[in-house]
Amino acid sequence: MSRDDLRARGLVRRYGGLTAVEHVDMDVPSGQVTGLIGPNGAGKSTLFSLLTGVEQPDEGRVHLGRRDITKMRPDARSRRGLVQTFQVPSLFPSLTVADNLLVAAENRRRDYAGGLLGMGSRGRGNALGVVEEVLGSLGLEDIRGTVAGTLPTGALRLVEFARALCARPDVLLLDEPASGLDAAETEKLSVLVRRIADDGVAILLVDHDVDLVFRVVDRVYAMVGGRVVAEGAPETVRDDPTVRSVYLAQGPLTSQATTSLGPGVAAAGSPAAGSQAMSSAGR
Amino acid sequence: MTSIDLALAGISIGAIAALSGIGLLVTYRTNGVLNLAQGGIATLVAYVFREMVVEWDLPIWLAAVIALGILSPGIGLLLERLVFRPLARRRASAAESLVASLGVLVLTLGMTAGIWGLGSRSDAPSIFPNESVTIFGDTRIGVDALAELAMVVAFCIVLGLIAAKTKFGRQIRAVVDDRQLAELSGVPADRVAAAGWALGTTMAGLTGILLAPRFQLNPYGLTLLVLETFAVVVAARLSSMPVAVLTALGIAVLQSELKQFTLEGDAGQILIVLQSNLFIFALLVLLLVVPKLRELGNGDSGSTGSFSSRGAPPAGPVSRHDARRDILGKLGGAALLLAPLTFAPADLRSAFMVPALALIFLSLVILTGYSGQLSLGVAGYAGLGALLTLKLANGDLFGIPAIPGMWAMFLGALLVAPIGLITGWPAIRRRGLTLALTTFAVGAVVSRFVFEQPTFATGLYVDPLTFFGSELTDEAFYIFELVCLAVGLLVVRNLHHGRLGRALLAVRDHTEGAAAVGVDVRNLKLLAFTVSSVVAGLGGGLLTFSSSSFAADDFAPLQSLLWFTAVIVFGADSAAGAIIAAAFIVTIDVLAPAGSSILAVGILALALGWMPGGLASAVRAGFALVARTLADEFVPAPQPTRHASARLAAGGAAGHVPGVPGAGGGAALGELRIVLPPGAPAPTAFGAALLSAVAAHAARTGLSLDALPSARTAADDSTDGRELVGHRPHLPGYPVERGAS
């Protein structure tokens, strides 16, 4: 079975006078992990929202497989197989872990009206099967019944990841999945990402943790000032003079320096109001 | 009257609206709370002012000093200290603050109505002499208008200078930006917030005293009048004071200018309504036009998850939800609802209101409790349902022949669906304050432009319902009401179950997250809006038939606010809570003087700070507590049950989660297992008691109690688990720590 890949061509997004994303082309091919790095303000997040549909580009197109999805809303893109995770874990805090996954597994259909009339458990078994499989493969069986709002950050990340998988993605967009995770958890995450890509899913990984990105990806894009300044195999990009100059200005490309590169820590530490319970493992 | 005269006449109203707007903005900019209670406070102060002048014969200046110098700021300081400071401390969501200010509104309204009754008074004294001065030629302007204008200008300049030039102004900006950060930098945040409240409520009092002599003094009327000035702050996008002032003057002058025109036919009718209702119309138009208010805080303000009284709906084998059903509760509820059938005829008629009101409340449960959308306009849908039902029954709608009352009621309710769908449209992209104000404006516009218009709302006859030709007895009518309620409950049940229920809860809990996994957020919100409007319409129809008349006052815009508050108080996502709330309100209205139910709901709303899930969750927790205590008492060796446990951890870092390899960010302090009934919720209202139990158990097992000052529980495998942070003060002997994280 061939899966859809994600292609963006000539994306432009301007905010007033500032051009946050300037004519960016990007390919996220199936079965590969594609990385996106760049310093703060490089336009990574804007590009990410253009791909997920949270924002609309001023110019350019986004294609999922052969379909043009530029104008689609995020939920429509998700039903077509383009699924994202968030910088701040975004589970449904009042649902159990299993129900969180079930929401993702059963929303490729939209016929809600049947439920109103008390009908419609069609396809239920299928969704349950998907949930069970994902719970099993990520080792989450023991917390399936836990209310998501009571989980610590590390578990939240994993469950959000599991939820994304339950939506059966062709393309998986991960926004700083390692922020707030410790070294062991990050390691586990990178193994997981690799495994999913090997199943044929196209993965885009945006992260401040340059080490993580270079360790996991097949191909990497480096953005500076809204433009892609380098792309290619990790080694090529690492040795690219522009990329080196940008990162050297802030220190060498080592894991010690990566924390100074971005607000990854801050993102996990600041409690998102309204989901206080979810960010419990802050300080 | 010439245009200039009309403009000058309008200026006075405009200046008062501007003062109200300044008050709202000051409170909002210093506290992040849009004070919906502004109207209630204004009315209360106006009544007290009148009491002092008319009944106690105090000189006007003295009464004004007492009312504006002591009473009004005192109310503000009291509110800040008792209601809003605790909310700010625990970083409550904007939705919670909104409900708290609604609670204050309902409370002040209840006090006013309780003390002075719901009737109108026309003897409100005026501060300024009823004189006018010549500006030029024949054109004269009232002294009051001049004085009011002068006050507006003075306030603008002084507040502008304070904000721009003084240290206090900088502190205000710091507090607004991030209260806790500001406190850490040594800014006296509480003082800033208190000053903002005091000034805000003083402006509210001033608004009330100035408005009262121009209109009749009436609790509902005056409150609504002040609420209409929200148009001004919406135009200012909740930030710019000059824009607010100019809008206020602009709308008022325009409204006054409209008086020189007359039109024929329907357009003329609309014009006449506009001549006295331009503010409310402007509020709706501005809300639809202004793309986004500059809401403070981060974008969670739409989340009503914090009003949730329990967790997820059962999801079959996956969540291993034990099939425990609170059959006892259901039987009790059914008995409660059937009891009126044994009442004396007069009492039975009083009980007619209960199922009708319960249906209206159920519609709010659907919208707010399940799909997380605030709605302050439910009375509009209920009233439309009632109106359409009567029109159908009278054969007065589009030439359709008269339909028997029973069918007219169902059909009328269904006809509300398209209206719900259309008005739900703007709700898709709106959240929090914007959504709350938009729905309020819709309800108010419908009330003013439809319910209060003779064209629509006169000549309506409420004939008794018939069933196959024979008139329904009181008992039969009540049973019919119960059947309608059952239909509503069935819809609510289906909305809360299975895939649909989960999807709705997902949207409520995290809209972006739901969209990210393919939940069709837009259609689900529209579905909730539409279904909710139909249920409200059915309730409205029943309400009209149970009181045998259509009265615009039954569906006044303020009713929406009262009903919404009642639903939140009794548990926003609890169907049983909706029914109990209806029974509660009707019972109090029958037994106690007018306004008592408003007062009761207001008091309960302010208690929400201590029981975020509403009464429903408090009651559930109460049962759980009793059951646990009994278990402790009679079961000799408390065994950890399979379904419930609580864990303690220090420093806000939760303990390890079994089965998640490597999960857990902090030092786990060891596990405590305490016995809870399977699936028992542990809401905060009973958090203190639960913590005591934890402490006792810890003492028995010899575990260190160092963990307790920042203890939190996670109810493992239960249907609910709630944070206990913030309730430590109740636990004797442990220091009080401040704030989250």
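Some housekeeping. This is a predicted model, where local features need pLDDT of at least 70, side-chain atom pairs count only at pLDDT 80 or more, and totals for chains, interfaces and linings use all residues. Residues are numbered from 1 along each chain as its sequence is written, while chains are lettered from A and ligands numbered from 1 in the order in which they are written.

Okay, chain A. We have 12 helices and 10 strands there, and 54% of the 283 residues count as buried. The mean pLDDT, the predictor's confidence in each residue from 0 to 100, is 78 for chain A, with 80% of its residues at 70 or more. Watch residues 251-283 of chain A, though: pLDDT stays under 50 over that stretch.

Back to strand 7, which covers residues 171-175 of chain A. What sits on its two faces? On one side you have A:V171, A:L173 and A:D175, on the other A:L172 and A:L174, and all are buried.

Now zoom out to the sheet. It's an open one with six strands in the order 6-7-8-3-9-10 of chain A, and the pairing is mixed. Strand 6 (82-85) and strand 10 (227-232) of chain A are the edges, each pairing on one side only. From one strand to the next, the twist averages 20°. Pairing here takes at least two DSSP bridges between two strands.

So who pairs with strand 7? Strand 6 of chain A does, in parallel, through four bridges, and A:T85 has A:L174 as its bridge partner. Strand 8 of chain A also runs parallel to strand 7, joined by five bridges; there, A:V171 partners A:A202. The chain gets from strand 7 to strand 8 of chain A through helix 7, in a right-handed β-α-β crossover. Right-handed means that, with the strands pointing away from the viewer, the path from the first strand over the helix to the second runs clockwise.

A:L36 and A:V206 are bridge partners.

Helix 7 (residues 183-198) of chain A lies across strands 3, 7 and 8 of chain A, at about 150° to strand 8. For such angles, axes are lines fitted to C-alpha atoms, for helices over the stretch in contact, and values run from 0 to 180 degrees between N-to-C directions. Contact means C-beta atoms, placed from the backbone, within 7 Å.

Chain B, quickly: 28 helices and six strands, with 56% of its 741 residues buried. Helix 24 (residues 557-569) of chain B has 13 residues, so at 1.5 Å a residue it should span 18 Å, and its end C-alpha atoms are 19 Å apart, which agrees. That expected span is 1.5 Å times one less than the number of residues. How many of the residues of helix 24 of chain B are buried? 13 of 13. Just after helix 24 of chain B, B:G571 takes a positive phi of about 105°.

Note on methods. Helix = DSSP H or I, 4+ residues; strand = E, 2+ residues; numbered from the N terminus. Buried ≥ 20, exposed ≤ 12 C-beta atoms within 10 Å, placed from the backbone. Contact = placed C-beta atoms within 7 Å.
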